[in-house]
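Student: I am new to this structure and would like to learn how to read it. Could you walk me through it?

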Amino acid sequence: MNFLLTASGLRNETLREALRDMLGKPFGSANVVFVPTASVADPGDHGWVVADMNRLHGLGWREFDILELNGLPQQLVLDRLLHADVVYVEGGNHYHLARSITGNGLAEGFLEALRSRVYVGVSAGSMIFSRNLTGHSADVIGDAKDLDVLGATSVDPPFGLFDWYVKPHLYSPDFPERDDAWADRITARADFPIYFIDDESAVRVRDGEADVVSEGRWRFHP
């Protein structure tokens, strides 16, 4: 399995080149499916989704599909994932994304599709593979409000592939509170490994081995 778990998408050439390398062919010879599901649970202006979609579309894919995980027949969703070479899952509310996967019975088929595809996550889309995606981690990291808006107090991790957790937007101007002191407070409470990545970085996973590709800054706390 190949994963490129970003904070804010393919914002720089280092991240785009990492994707090209994992894909093994030009973007113009590949199909991508864009999954906006996590974003619809976030209130307010969604210009950031449009901007990221336009940036992705501008890479010149052979086919650019958009797929919502809710409201469609299960097999139709899985067939659309299988038709893609790259599955690109947008940010927003990671708990809504996780619940959409488990609630629609997509976890097994989704994971099977990823065995021969490249997955690119953006923020929430990068957070759903940790086995520590739980109500406990929501309390530790300070994300409980994102569960509250869903009327939930707990969440089941849909995949549970990694023991480490990705927390995005370190040093981001859009999240000015996410500085070193913020990360230090979280790691003082955390009982699981965490990658903190800025908007120019990604955790890359190839054949189960994780590293970081970046034109920015990041921290790892084992």
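Tutor: Happy to! Let us start with a helix: the buried residues of H1 pack against S1, S4, S5, strand S8 (201-206) and S9. Keep in mind that this is a predicted model.

Student: Which residues of helix H1 are buried?

Tutor: Helix H1 covers residues 13-23, and its buried residues are Leu15, Arg16, Ala18, Leu19, Met22 and Leu23.

Student: Why do the buried residues of H1 line one face of the helix?

Tutor: The general idea comes first. An α-helix has 3.6 residues a turn, so residues three or four places apart point the same way. Now the case here: looking down the axis of H1, the buried residues fall within an arc of 155 degrees, so they line one face.

Student: Which residues are buried in H2?

Tutor: In H2 the buried residues are Val49, Asp52 and Leu56. Their arc around the axis is only 70 degrees, which puts them on the same side of H2. Those buried residues pack against strand S2 (31-35), strand S3 (63-66), S4 and S5.

Student: And what about H9, which of its residues are buried?

Tutor: Trp182, Ala183 and Ile186 are buried in H9. Down the axis of H9 they fall within an arc of 95 degrees, so they line one face of this helix. The cover over the buried residues of H9 includes helix H7 (135-141), S6, strand S7 (194-197) and strand S10 (218-221).

Student: Let us turn to strands. How many residues of strand S5 are buried?

Tutor: For a strand, look at both of its sides. Strand S5 (residues 118-122) is mostly covered, with 5 of its 5 residues buried. On one side sit Val118, Val120 and Val122, on the other Tyr119 and Gly121, and both faces are covered.

Student: In which sense, parallel or antiparallel, do S1 and S5 pair?

Tutor: Strand S1 (residues 2-6) pairs with S5 in the parallel sense, over 5 bridges. To find the place by eye, look for Leu4, which stands opposite Val120 in S5. Strand S4 (residues 86-89) also pairs with S5 in the parallel sense, over 4 bridges. There, Val86 stands opposite Val118 in S5.

Student: Now a single residue. Is Val212 buried or exposed?

Tutor: To read burial, compare the relative accessible area with the cut-off: under 20% is buried. Val212 has a relative accessible area of 18%, so this residue is buried. Val212 lies in strand S9 (residues 209-214). Leaving aside residues up to four places away in sequence, Val212 touches Tyr195, Ala202 and Trp218.

Student: What can the backbone angle phi tell me, and where is Tyr171 found?

Tutor: Tyr171 is not a glycine, yet it has a positive phi of about 65 degrees. Tyr171 is found in the loop between strand S6 (165-167) and helix H9 (180-189), and at 24% relative accessibility it counts as partly exposed. Asp207 is another residue other than glycine with a positive phi, near 55 degrees. Asp207 sits in the loop between S8 and S9 and is exposed, with a relative accessible area of 68%.

Key. Residues are numbered from 1 along each chain as its sequence is written. This is a predicted model: local features need pLDDT of at least 70, side-chain atom pairs count only at pLDDT 80 or more; totals for chains, interfaces and linings use all residues. Side-chain values use heavy atoms; hydrogens and water are left out. Buried means under 20% relative accessible area, exposed over 50%, partly exposed in between (1.4 Å probe, protein chains only). Helices (H or I, at least four residues) and strands (E, at least two) are DSSP runs, numbered from the N terminus. Two strands pair if DSSP finds at least two bridges between them. Contact means heavy atoms within 4.5 Å. The arc is that of the directions from the helix axis to the C-beta atoms.
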